[in-house]
Amino acid sequence: MDEKRVEEEYPHLKEFFPMLNLLNKESHRGAALIASSYLDNQLREILTAFMLEGVHTRKLLEGFNAPLGTFAATIAAATALGLVSSDE
């Protein structure tokens, strides 16, 4: 299936395709780092969209020693809040 057809069939993945092209050019180690960074960013966006806008949300997600400042913490929070499933 060519990229154009995939984009037409799955328009919700449009923002994912440039990152996928980047991954294909990387070493295995580079691809793992880029993919985990991408997933971390996606989880932060999901959590931010779910939470109320304001200083308290920013304090939870950003800055030194933020409670949800690590990839593991964002995974746990998103799963515990039912925003993602364990299958995702």
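**Entry 1. Helices H2 and H3**

I began with H2 and H3, which are roughly antiparallel to each other, a label given to angles over 145 degrees. Their axes cross at roughly 160° and come within 9 Å. I note that axes are lines fitted to C-alpha atoms, for helices over the stretch in contact, with angles from 0 to 180 degrees between N-to-C directions. Helices are DSSP runs (H or I, at least four residues), numbered from the N terminus; helix H2 covers residues 16–24. From H2, the contact is made by Phe16, Met19, Leu22 and Leu23, and from H3 by Ala31, Ile34, Ala35 and Tyr38. I use contact for heavy atoms within 4.5 Å. H2 passes H3 in a right-handed crossing, that is, the near helix is turned clockwise from the far one by less than a right angle.

**Entry 2. Basis and confidence**

I record that this is a predicted model, in which local features need pLDDT of at least 70 and side-chain atom pairs count only at pLDDT 80 or more, while totals for chains, interfaces and linings use all residues. Residues are numbered from 1 along each chain as its sequence is written, and side-chain values use heavy atoms, with hydrogens and water left out.

I looked up pLDDT, the predictor's confidence in each residue, from 0 to 100. The chain has a mean of 89, and 97% of its residues reach 70 or more. Confidence is lowest in helix H1 (residues 3–9), with a mean of 79, and highest in H5, with 94.

**Entry 3. Helices H3 and H5**

I found an angle of about 45° between H3 and H5, with the axes 10 Å apart. The two helices are therefore oblique to each other, the class left after angles under 35 degrees (roughly parallel), over 145 (roughly antiparallel) and 65 to 115 (roughly perpendicular) are set aside. H3 passes H5 in a left-handed crossing, for which the near helix is turned anticlockwise. Ser36, Leu39, Asp40, Leu43, Arg44 and Leu47 in H3 meet Phe71, Thr74, Ile75, Ala77 and Ala78 in H5.

I then checked Asp40, which is placed in H3. At 18% relative accessibility, Asp40 counts as buried, given that buried means under 20% relative accessible area, exposed over 50% and partly exposed in between (1.4 Å probe, protein chains only). Not counting residues up to four places away in sequence, Asp40 touches Phe71 and Thr74.

**Entry 4. Nonpolar core**

I listed the largest nonpolar core: its nine residues are Leu43, Leu47, Met51, Leu61, Leu68, Ala73, Ala77, Ala78 and Val84. Helix H3 (28–50) and helix H5 (71–80) are the elements that give two or more residues to this core, and H5 gives the most, with three. Such a core is a set of buried Ala, Val, Leu, Ile, Met, Phe, Trp, Tyr and Cys residues joined through side-chain atoms within 4.5 Å. Beyond its neighbours within four places in sequence, Ala77 is in contact with Leu47 and Leu68.

I looked at Lys59 in helix H4, which is exposed at a relative accessible area of 54%. Outside four places in sequence, Lys59 is in contact with Ala66 and Pro67. Lys59 and Gly69 are ten residues apart in sequence and 9.1 Å apart, C-alpha to C-alpha.

Asn65 lies in the loop between helix H4 (55–61) and H5 and counts as exposed at 65% relative accessibility. Its phi is near 65°, a positive value in a residue other than glycine. Most residues other than glycine have a negative phi.

Gly54 is in the loop between H3 and H4 and is partly exposed, at 23%.
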